[in-house]
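Take a look at the structure below.

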Amino acid sequence: MQKKSVRILIAAIVTAVVACLYFYVTLPALNVFSEAFWIFITLMAICFGVVYVLLSVRAGYVNLKNGKKSRNIFGFEGAIVVKIVAAVAAIPVIVVVVGNIISSTFFNAQAYSEIITVSEAVFEDDMPETDVVSNIALMDTQTAQKLGDRTLGALSNVVSQYEISPNYKQINYKQTPQKISNLEYADFFKWLSNKDKGIPGYVMVDPVNVTDAKYIELEKPMKYADSAFFGEDLHRALRMKYPTKIFGSYSFEIDDAGNPHYIVSCMKPKIMLFGALDVEEVIVFNPVDGSSELYELGSVPSWVDNVFTGELASQKYDWYGTLKNGFWNSVIGNKDCKVTTDDFGYIVIEDDVWFFTGVTSVTSDESNIGFIISNARTGEYKFYSVIGAEEYSAMAAAEGEVQEKRYVASFPSLINVAGEATYIMVLKDDAGLVKLYALVNVEKYTIVATGESQTEAKQAYIEKLKKDGDIVIEDDTPDVEAKKATVTVSDMRFVNVSGESVLYVTGSDGYLYKQTVAKDERVMLIALGDKLEIEYAESQIGEIRQIIAWKIIPAADGTVSE
């Protein structure tokens with residue numbers, strides 16, 4: 001018969017093997033502040049107990065077969081070991097249950113509300129008036145995916161072996177907003193046949209100039225990826241290097257030189273054992289050679305953009321907005337309780353990406369009491385007291401302006417137009433392609449204007465502000481870098497667009513130039529064959545140019561009409 005000590009040794013060896021396999025597959029953090037760690041301990045204690053019991057049953061069976069008597073049925077003379085194992089398995093369960101209770105908002109409402117500090121800021125100071133938005137990602141991730149897929153589809157040698165990760169990230173690359181996503185192996189067999197070559201590149205989509213997407217091939221391919229296997233799996237490589245870190249978000253980014261990196265947030269609870277997980281450190285991981293650096297939150301390189309996620313930023317503000325007057329007030333009274341809206345956008349300020357979202361009262365879901373922006377790298381918050389329609393009402397208003405086309409609005413961002421807080425968004429067709437720009441007044445969301453370019457949409461918006469917004473605008477000429485062209489009118493026609501007469505001029509250069517008659521009635525003087533000097537703004541959709549200023553070049557006899 002096996003001795004008790006032998007059974008314990010065998011059970012320990014089997015458990016150690018299972019623990020190694022479990023750790024290699026599931027990659028739990030070996031950290032007491034991680035619930036996954038305590039689950040791991042529980043499962044291993046159960047594993048040890050099951051193996052020990054099976055060995056004891058076998059020993060008891062041998063005893064009975066040989067006619068020997070045992071103090072306990074089936075050889076359970078080591079019942080004390082089973083009891084110890086049961087106690088060890090129960091302790092982690094108790095820790096998780098009790099830890100979640102004592103870490104909850106019920107006992108720590110005030111602590112949760114003080115996780116962040118929010119500074120009040122002036123909208124007009126931080127967001128000066130702009131004529132062409134170049135710092136806001138107007139394109140949503142769904143549209144970026146379509147453009148990225150289309151770009152990759154043109155590369156036959158790449159598309160058959162790789163696919164684009166759906167996890168596009170917003171970054172600020174050389175002072176310009178970009179959405180970026182790396183290639184991934186299509187499946188296990190594609191990894192097996194291509195792992196020696198690695199992942200060759202990534203896709204970058206310009207969310208401001210909404211038709212621009214390009215594939216960037218790397219000088220050195222990436223070895224580590226989320227879709228790789230075994231030691232080349234990104235998560236496994238990180239866990240083996242940092243076994244105690246609680247990983248949060250993973251973001252693919254490039255530095256200022258275009259080199260690829262994964263930005264990995266390391267979390268730590270701020271309240272008791274498991275409460276209010278927040279970013280404490282950041283790992284910058286090089287997927288080409290597997291090297292990495294660990295940074296304290298305050299010392300992260302400036303080119304890094306995504307340390308926090310928009311979801312985490314919104315959740316922390318919701319704690320701040322709902323729990324400062326206690327837990328029960330957040331459930332029943334709701335006095336002074338405010339929360340973020342259901343989604344967020346992005347805006348680039350100086351060298352950082354910021355999340356943007358509205359703030360509404362818990363008791364109201366149709367209007368905002370203000371807006372917040374949160375720095376995606378530092379976690380800083382600013383609040384702007386701008387009362388008006390919430391984002392989804394503005395989106396519905398924009399969609400209603402062209403309801404016959406059934407376009408769908410993207411989640412908007414906020415800009416300053418003539419001192420007026422204004423939502424800006426794009427309208428997409430069923431294929432997810434951007435068709436129009438839309439501007440909606442925050443305070444009076446019935447003031448809506450659309451256009452094929454930002455300039456056109458803004459011009460139409462300013463006209464409606466002057467007409468319906470009860471404001472005075474001295475100069476409505478867009479202060480943009482106008483381009484010039486000299487063309488001969490080869491064709492012209494007046495078209496009624498949304499109740500307005502618009503002149504479309506076909507120039508000798510093949511481009512269409514347009515101007516609304518109500519904005520400049522002098523265009524009625526233009527005739528076929530006239531030679532025009534035109535100042536125009538580029539349309540970001542199609543080959544239509546918006547006329548800003550124009551004049552007729554005198555004929556040989558010196559006559560001029562304007």
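Ala, Val, Leu, Ile, Met, Phe, Trp, Tyr, Cys and Pro count here as nonpolar; Asp, Glu, Lys and Arg are charged; the others, Gly among them, are polar. This is a predicted model. With those classes in hand, turn to the second largest pocket. Its lining has twelve nonpolar, eight polar and five charged residues.

How much space lies in this second largest pocket? The volume is about 410 Å³. The lining is made of 25 residues, and those closest to the centre of the pocket are T141, K179, D343, F344 and Y346. Two elements, helix α10 (310–322) and strand β12 (345–349), each supply at least two lining residues.

Next comes helix α6. This helix covers residues 141–153.

Which residues of α6 are buried? They are T143, A144, L147, G148, T151 and L152. Around the axis they cover an arc of only 165°, so they sit on the same side of α6.

Last, the cysteines. The structure holds zero disulfides. Are C47 and C266 buried or exposed? Buried means under 20% relative accessible area. C47 has 15% relative accessibility, so C47 counts as buried. C266 has 3%, so C266 counts as buried too.

Terms used: Residues numbered from 1 in each chain as written. Predicted model: local features only at pLDDT ≥ 70, side-chain atom pairs only at ≥ 80, totals over all residues. Heavy atoms only, no water. 1 Å grid on protein atoms, 1.4 Å probe; cavity = no way out; pocket = protein on both sides within 12 Å on 5 of 7 lines; lining within 4 Å. Points joined across faces, edges and corners; volume = space filled by probe spheres on them. Helix = DSSP H or I, 4+ residues; strand = E, 2+ residues; numbered from the N terminus. Expected span 1.5 Å × (residues − 1). Buried < 20%, exposed > 50% of the residue type's maximum accessible area, 1.4 Å probe, protein only. Arc of directions from axis to C-beta. Disulfide = S-S within 2.5 Å.
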